[in-house]
Amino acid sequence: PEPARHSDPADPGPGAPGGLFAWLRGRCLGRGAAVDPARDTFGAMTGLYGAIQPADSVSLSTRTHGAVFNLEYSPDGSVLTVACEQTEVLLFDPISSKHIKTLSEAHEDCVNNIRFLDNRLFATCSDDTTIALWDLRKLNTKVCTLHGHTSWVKNIEYDTNTRLLVTSGFDGNVIIWDTNRCTEDGCPHKKFFHTRFLMRMRLTPDCSKMLISTSSGYLLILHDLDLNKSLEVGSYPILRARRTTSSSDITSSGSSGPRAVGSPCHQNSSGPLSEKTCSRPSQREGGSPRNSLEVLTPEVPGERDRGNCITSLQLHPKGWATLLRCSSNTDDQEWTCVYEFQEGAPLRPVSPRCSLRLTHCIEEANVGRGYIKELCFSPDGRMISSPHGFGIRLLGFDAQCSELVDVLPREASPLREIRSLYSHNDVVLTTKFSPTHCQIASGCLSGRVSLYQPKF
């Protein structure tokens, strides 16, 4: 007769470490080859970063375009776009490092952010309060210009499922644009959300949450997101979290205003959350309603009694965590912090909810005070590229660049420095990983763009 399956001592069986149960658990976490076939490819790419060097630099005259505020690759990695201080958008072939095109008057003021909607269509936003849509096949003219914000527009997000464009600005507004009905005159739009001291806004990869950072140290999370529903003041339930201060502090006018990308501190004139909104019940009742608002004060090392400004906000590509760059209100300290999402309902319906837990952090160089530094995750989420003085640092959760879910510490641990790369003569303001190639780009205050890739 055929022997029993687990009679062989070499076969650990489904209940043993490394057996069937471990394999199934790995599948649930998205760590199996059957679930994520690109994992091995990204793992190989991560290994290549050990040999990365400044491969090529493009020195650009600061007479025309000024500082580099944002870098964005097209989804297929074929185009690198550069948002510049002096109204320009630059386009490069990142493989050959060749300059493709300059949009010399893309806007009437600083270009702050670029976001690709697909491999051909991309959007730019500016301090001139507008958003512009562009097509790589016809760059001589804009597809259209979107008007709706009343102050500097700083951030663009895009929901690929609904084809809704989401923008935020220093007027405190988050606006939804319906690109399904776009014409030469613009797109239908509506105000979705409003808060004072707004700095950055991001959507999780599955668009189930919206995160908003503020210059007063608060982080707002809209759970179970529904972009089709406008949120008027007082229309959303508040989920009060641990470490959240009183509602009177949220509406206090004593906090410093937000800082613009690449410019000193500017005061935000947008209004506070109303007393009606903040007086809503703070305890969760039963299931989670759509667009539930959670107000957090993220823990930042060394800043417990001094206040901080959340200047940069990014999300893990698999939605596991959020990445923050925080600076003290006195500008004498700067930190990069990683917070894990703690999902699910609280153990008791009346208990407070706290969605984020600090897992890793590292202190930054704190040079170029008053300027925002935009950092990013690698495409597989194993590494972080962070502006550090006149260069960038590659940071990992451990020395082996393991995935976050494999090395979650019980208490906050320091990020590991994998490599430091320096090729600029001025403060680096932004950095970005290529989505398809083992390449990193960085841009600095004096307008230089540098590319890094392996050299053997």
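# Close-up views of a predicted model

View 1. At 1% relative accessibility, Ile384 counts as buried, because buried here means under 20% relative accessible area. In this predicted model, Ile384 lies in strand β24, which covers residues 383-388. The C-alpha atoms of Ile384 and Leu394 are 5.7 Å apart in space, although 10 residues separate the two in sequence.

**View 2. Leu164 in strand β11.** Strand β11 holds Leu164, a residue that is buried with a relative accessible area of 6%. Leu164 and His189 are 25 residues apart in sequence, and the distance between them in space, taken from C-alpha to C-alpha, is 9.5 Å.

View 3. The largest nonpolar core has 19 residues, of which Val166, Val174, Phe192, Phe193, Met210, Ile212 and Leu227 touch the most other members. Two or more residues of this core come from each of β11 (164-169), β12 (173-178), β13 (189-194), β14 (198-203), β15 (210-214), β16 (219-223) and β18 (292-296). Among the elements, β14 provides the largest share of this core, namely 3 residues.

**View 4. The largest pocket and its lining.** The largest pocket holds about 1200 Å³ of space. Its lining is made up of 42 residues, and those nearest the centre of the pocket are Glu72, Arg115, Leu315, Pro317 and Lys432. At least two lining residues are supplied by each of β2 (68-73), β6 (111-116), β10 (153-159), β14, β19 (308-315), β23 (376-377) and β28 (428-433), and β10 gives the most, with 5 residues. Sorted by class, the lining of the largest pocket has 18 nonpolar, 14 polar and 10 charged residues.

**View 5. Glu157 and its two arginine partners.** Side chains of opposite charge can pair when their charged atoms come close. The count for this model comes to 15 salt bridges, one of which joins the side chains of Glu157 and Arg115, with 2.8 Å from N to O. This pair links distant parts of the chain, since Glu157 is in strand β10 and Arg115 in strand β6, 42 residues apart. Both Glu157 and Arg115 are buried. The side chain of Glu157 also meets that of Arg202 in a salt bridge, at 3.3 Å from N to O. Glu157 lies in strand β10 and Arg202 in strand β14, so this second pair ties together parts that are 45 residues apart in sequence. The relative accessible area of Glu157 is 5%, which makes it buried, and Arg202 is buried as well, with a value of 7%.

View 6. Lys373 and Glu334 form a salt bridge in which the closest N and O atoms are 3.6 Å apart. Lys373 lies in the loop between β22 (356-363) and β23, whereas Glu334 belongs to strand β21 (residues 334-341), so the pair ties together parts that are 39 residues apart in sequence. Lys373 is buried, with a relative accessible area of 3%, and Glu334 is also buried, with a relative accessible area of 3%. Through salt bridges that share partners, Arg325, Glu334, Glu364, Lys373, Arg393 and Glu417 are joined into one network.

**View 7. Two spans listed as repeats.** Residues 146-178 are 0% helix and 64% strand, with the end C-alpha atoms 11 Å apart.

View 8. The phi angle of Ser97 is near 60°, a positive value in a residue other than glycine. Ser97 lies in the loop between β4 (89-93) and β5 (98-103), and it is buried, with a relative accessible area of 15%. Cys401, a residue other than glycine, has a positive phi near 55°. The loop between β25 (391-396) and β26 (413-414) is the place of Cys401, which counts as buried at 6% relative accessibility.

Key. Residues numbered from 1 in each chain as written. Predicted model: local features only at pLDDT ≥ 70, side-chain atom pairs only at ≥ 80, totals over all residues. Heavy atoms only, no water. Core = buried A, V, L, I, M, F, W, Y, C linked by side-chain atoms within 4.5 Å. Buried < 20%, exposed > 50% of the residue type's maximum accessible area, 1.4 Å probe, protein only. Helix = DSSP H or I, 4+ residues; strand = E, 2+ residues; numbered from the N terminus. 1 Å grid on protein atoms, 1.4 Å probe; cavity = no way out; pocket = protein on both sides within 12 Å on 5 of 7 lines; lining within 4 Å. Points joined across faces, edges and corners; volume = space filled by probe spheres on them. Nonpolar A, V, L, I, M, F, W, Y, C, P; charged D, E, K, R; others polar. Salt bridge = Lys/Arg side-chain N within 4 Å of Asp/Glu carboxyl O.
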